[in-house]
Every structure is written in C-alpha cells, then in structure tokens.
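Here is a short note for a colleague who is opening this model for the first time. Please read it with the structure in view.

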Amino acid sequence: MIERAVGSVTVLGPVRGLVADGERLRARLETVRPNAVGLAVSEDELKGLREYFVDAATEPVVPLAPTEAAEIRALARYGDVGVPNPSVLAAIRWADATNAPLAALDPSDDEYSTMFARSIGYFELVRRTLRERSAGKRPPAAADADAFALAWSRTIEPGAGSRRLRAQRDTVVAEGVERMRARFSSIAVVVDRERFEGVVELLAEGPSLVRTAADGGGGASR
C-alpha cells in the first residue's frame, strides 16, 4: 500500500484484492482518524458491498469475470487474496465502527458505461480484449504486489482511449473529494493502487476541478 497527504486529505492506495493491504489500510485509518472517508467505488457498488458483505449474516459466492479471475490468480503469488476487495471492506467497516461519514466517489455505473463508450473505440476494445487474454495466460512479472498492480494495469490498458477513460474517472473522484473538503477538516481517500498517482496529481491541482453545475453526486452519507 502507498500513502500520500495532500493538505487535509490522506490518499491511501492499497493493491486491490491483497488481504495484507486491507489490514494495513485499517491500521492507517485507526492512526490517522479522519473525519470522513471517501472510496473510489460507485454508489451502486457501495450499496451492494454493504448489503451482501458488511451487514449480511453470510457472504455469497462472488462471480468473477475471466480477467478478474486471472488477476486474482496472478496476485496470489504475492500473498493471500480476498474477493471483494478487502481494503474497501476494511474502510467501510472502520467508518461504520467510528461513525465517520462515508462517500462513494466513482462515477455511477451508467456514467461509467457512457464514459467507456465515448473513450474506447472498436479497435482499442479489440486490443484490450486480446491483451486481457494474454495477461491471463502469461501474467506480467513483478518483484512484489505493488509492482504487479502497476504492471497488470499497463498490460491490459495500453491505449490512449484507456488513459482518457481513467483520467475521466479520476477527475470525478477528485471533484468528490473537493466537495468533501468543504465539509470535513480531514479526509481519507481509498483508491486502487494503479489509480493512486492520477488521483493525487488531480488533488494537488486544487478546487479548480470542481464543476459549478449541479451533478447530483459525491456527497458523504451514512
């Protein structure tokens, strides 16, 4: 897990799926004690995680897409792996235990679908599909889990459209954080390791990111 402070915001970048990073993240939240927590997940995903994994008496079987399953198998070379993402579950549980407001910062599922369609053309989609299959058969070599997360992302998302899509998602996250900054004196933001640098860079640019028109999202809630 990587960490950086940007003013009153502590950005935490755990490796998605790594159990040890979920434990590290919870320990850092306990040390930092932020007034609010932002997660780089959609509202729909947060709702599902709460309903089926945080508040549920038993956990359901999690279906995985082929690329997700391949990533999990490859990541297991570096330690125990959990599904759903142990770091996100740890953040939700910590926020609940401490009564800290929690915000889902990623675009909604519908918004993401629109972004994807506008950013990824046919030929890049084909290249992404082929790269995903190749990475599943021959995962990138890496010295540790952190390096693997970055190498995996570079392998399956090489094109300009993929970079544009990620930049759009990260901008939505940064805008949500700026709205939280107006309400809370200290914030922790949890974002997948491969998105960490992009989000930190946007936050360092400051409040000029925030759109003036009402966008209906990004507020912290319980």
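1. Terms for the sheet. Two strands pair if DSSP finds at least two bridges between them. Helices (H or I, at least four residues) and strands (E, at least two) are DSSP runs, numbered from the N terminus.

2. Ground rules. This is a predicted model, in which local features need pLDDT of at least 70 and side-chain atom pairs count only at pLDDT 80 or more, while totals for chains, interfaces and linings use all residues. Residues are numbered from 1 along each chain as its sequence is written, and side-chain values use heavy atoms, with hydrogens and water left out.

3. Strand E5 and its partners. Strand E3 (residues 36–39) pairs with E5 in the parallel sense, over four bridges. Here Ala36 stands opposite Ile187. Strand E2 (residues 9–13) also runs parallel to E5, joined by four bridges. Thr10 faces Ala188 in that pairing.

4. The two faces of E5. In a regular strand the side chains alternate between the two faces of the sheet. E5 (residues 187–190) is covered on both faces. Ile187 and Val189 are buried on one side, Ala188 and Val190 on the other. Buried means under 20% relative accessible area, exposed over 50%, and partly exposed in between (1.4 Å probe, protein chains only).

5. Asp106. Is Asp106 buried or exposed? Asp106 is buried, at a relative accessible area of 9%. This residue sits in the loop between strand E4 (102–104) and helix H5 (109–119). Its side chain makes a polar contact of 2.9 Å with the side chain of Arg195. A polar contact is a pair of N or O atoms within 3.5 Å; within protein, one must be able to donate a hydrogen and the other to accept it, and residues adjacent in sequence count only if both atoms are side-chain atoms. Leaving aside residues up to four places away in sequence, Asp106 touches several others, including Leu39, Val41, Arg169 and Val173. Contact means heavy atoms within 4.5 Å.

6. Arg24. Helix H1 (residues 19–32) holds Arg24. Arg24 is partly exposed, with a relative accessible area of 43%. Beyond residues up to four places away in sequence, Arg24 touches Met1 and Leu18. Glu71 is 47 residues from Arg24 along the chain, and their C-alpha atoms are separated by 21 Å.

7. Val126. Look for Val126 in helix H6 (residues 122–137). Val126 is partly exposed, with a relative accessible area of 32%.
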